[in-house]
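Here is a short briefing on one structure, grouped by topic. Keep the sequence and the model open while reading.

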Amino acid sequence: MEKIFIEGQWYDITSFIKRHPGGSIIQSYVNQDATFVYREMHRRSKRSNVVLQTLPKLEIEDSPVVESKQNMLIDFDRWRLSLQDRGFFRPSKRHVAYRIFELFGIFMLATWFMSMDSTMLKILSVFTYGIFGGRCGWVQHEAGHRSLTGNIKIDDVIQKATIGMGLLTSGPMWNSMHNKHHATTQKIDHDMDLDTMPFVLFHQDALKKSRGLSKWWLRFQAWTFLPITSGIFVMIFWIFYLHPRKIIRDRDYVQGFFTLLGHIGRTYVIHKVSGYNYMESYLWLMGCMYVSGVYLFGHFSTSHTFMPVLQNNDNPTWVEYSLNHTVDIDTQNPLISWLMGYLNCQCVHHLF
């Protein structure tokens with residue numbers, strides 16, 4: 001029997017695991033207290049509470065959390081409630097509008113550069129389009145967490161639009177990987193961000209059996225991670241295989257529309273303003289995606305990868321995951337905050 005502990009109650013999830021809407025992430029908390037990860041992942045979902053109450057309850061009174069950690073979680077809960085009472089989790093319509101208009105402005109600036117009869121300005125347009133893709137990545141990230149507008153349906157559309165047109169990929173595919181990272185940060189065989197072999201290895205404990213090519217390649221990973229692994233290998237794999245496969249399997253027509261719009265629409269814009277043929281314009285678009293990949297993965301790698309990892313038998317609390325395995329980066333610097341999409345406040349992002 002597989003069971004899970006939420007809000008002081010054990011639930012039998014044996015038959016629910018395979019049909020969990022969030023995928024296999026629930027398996028990471030079998031026989032553990034999932035109260036806080038449940039709260040944070042489902043805070044704006046009314047449906048999740050309805051589903052939870054349909055699960056068989058077990059007559060077990062013991063808590064899986066030791067008393068010392070229980071006291072810490074009680075303090076954290078009080079802190080969170082105080083922040084909520086002071087309006088810290090209230091969505092800002094002004095901020096959402098700013099983020100959307102910023103994307104529009106960067107895209108138009110990049111298009112203007114591309115229309116100029118200057119090789120240097122066209123190269124600058126690739127860089128600017130790449131920043132546009134990266135900024136789309138930050139927006140879709142918040143929308144994917146359903147923490148942008150406060151409305152799940154609106155956030156879902158914003159995520160699919162920004163990740164589809166900005167990064168030519170899929171929001172649901174990103175969610176299925178990234179939510180595992182939040183649920184079990186830096187835990188081997190659970191956190192997808194550690195599953196990076198054979199092209200990069202962030203921590204020795206995450207090393208898996210590999211062929212000679214992998215060992216040879218890893219010798220140069222400090223030099224290849226950004227320009228080759230991030231900009232080329234990951235982007236090609238995501239854009240042309242992993243994410244479209246998810247779209248097709250799920251028959252996700254909305255995501256498919258926005259992703260195709262990114263491929264076709266952005267190619268058409270480049271063609272129209274530059275005079276290049278469609279093949280040349282699409283190659284320019286791939287150059288833009290290269291910049292986006294380097295921008296995004298370069299920043300992500302600074303927030304976790306050098307922090308300690310956890311083994312399969314380690315089961316820390318939500319607070320310990322968030323504070324012991326993430327890092328804040330110059331949070332009072334407005335330029336750093338903007339460049340990193342405000343995710344330099346990484347510990348707070350993981351806690352809430």
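Phe-240 has 45% relative accessibility, so it counts as partly exposed. Helix 9, residues 221-250, holds Phe-240. The model is predicted. Surface, cores, sheet and salt bridges follow in turn.

**Surface patch**
- Phe-240 belongs to a nonpolar surface patch with Phe-199, Ile-232, Phe-233 and Ile-236.
- Why is Phe-240 not classed as buried? Buried requires under 20% relative accessible area, and Phe-240 is at 45%, so the class is partly exposed.

**Nonpolar cores**
- The largest nonpolar core has 38 residues.
- Tyr-129, Phe-132, Leu-148, Trp-238, Met-289 and Phe-297 touch the most other members of this core.
- Six helices each supply at least two residues of this core: helix 4 (93-115), helix 5 (119-144), helix 6 (152-167), helix 7 (171-183), helix 9 and helix 11 (278-300).
- Which helix gives the largest share of this core? Helix 5 does, with 8 residues.
- Tyr-129 touches residues well beyond its sequence neighbours, leaving out those up to four places away. Its contacts are Phe-107, Ala-110, Thr-111, Met-114, Arg-266, Val-269, Ile-270, Cys-288 and Ser-292.
- A second core is separate and has 25 residues. Among them are Ile-17, Ile-25, Ala-183 and Leu-351.

- An open sheet is built from 3 strands in the order 1-2-3, with antiparallel pairing.
- Strand 1 (3-6) and strand 3 (57-58) are the edge strands, and each pairs on one side only.
- Strand 2 (residues 9-12) is joined to strand 3 by 2 bridges, and the two run antiparallel.
- Tyr-11 has Lys-57, in strand 3, as its bridge partner.
- In general, strands of a sheet pair through backbone hydrogen bonds.

**Salt bridges: Glu-7 with Arg-39**
- The structure has 11 salt bridges.
- In one of these, the side chains of Glu-7 and Arg-39 meet at 2.7 Å, N to O.
- Glu-7 sits in the loop between strand 1 and strand 2, and Arg-39 sits in helix 1 (residues 35-42), so the pair ties together parts 32 residues apart in sequence.
- Glu-7 counts as partly exposed because its relative accessibility is 44%. Arg-39 counts as buried because its value is 19%.

**Salt bridges: Arg-135 with Glu-102**
- The side chains of Arg-135 and Glu-102 meet in a salt bridge at 3.0 Å, N to O.
- This pair links distant parts of the chain. Arg-135 is in helix 5 and Glu-102 is in helix 4, 33 residues apart.
- Are these two residues buried or exposed? Arg-135 is buried, and Glu-102 is buried too.

**Salt bridges: Arg-146 with Asp-156**
- Arg-146 and Asp-156 form a salt bridge through their side chains at 3.2 Å, N to O.
- Arg-146 lies in the loop between helix 5 and helix 6, while Asp-156 lies in helix 6, so the pair ties together parts 10 residues apart in sequence.
- Arg-146 is buried, with a relative accessible area of 18%. Asp-156 is partly exposed, at 24%.

How values were computed. Residues numbered from 1 in each chain as written. Predicted model: local features only at pLDDT ≥ 70, side-chain atom pairs only at ≥ 80, totals over all residues. Heavy atoms only, no water. Patch = residues over 30% accessible without salt bridge, like charges linked within 9 Å, V, L, I, M, F, W, Y side chains within 5 Å. Areas by Shrake-Rupley, 256 points an atom, 1.4 Å probe, with all protein chains shown as cover. Salt bridge = Lys/Arg side-chain N within 4 Å of Asp/Glu carboxyl O. Helix = DSSP H or I, 4+ residues; strand = E, 2+ residues; numbered from the N terminus. Buried < 20%, exposed > 50% of the residue type's maximum accessible area, 1.4 Å probe, protein only. Core = buried A, V, L, I, M, F, W, Y, C linked by side-chain atoms within 4.5 Å. Contact = heavy atoms within 4.5 Å. Pairing = 2+ DSSP bridges.
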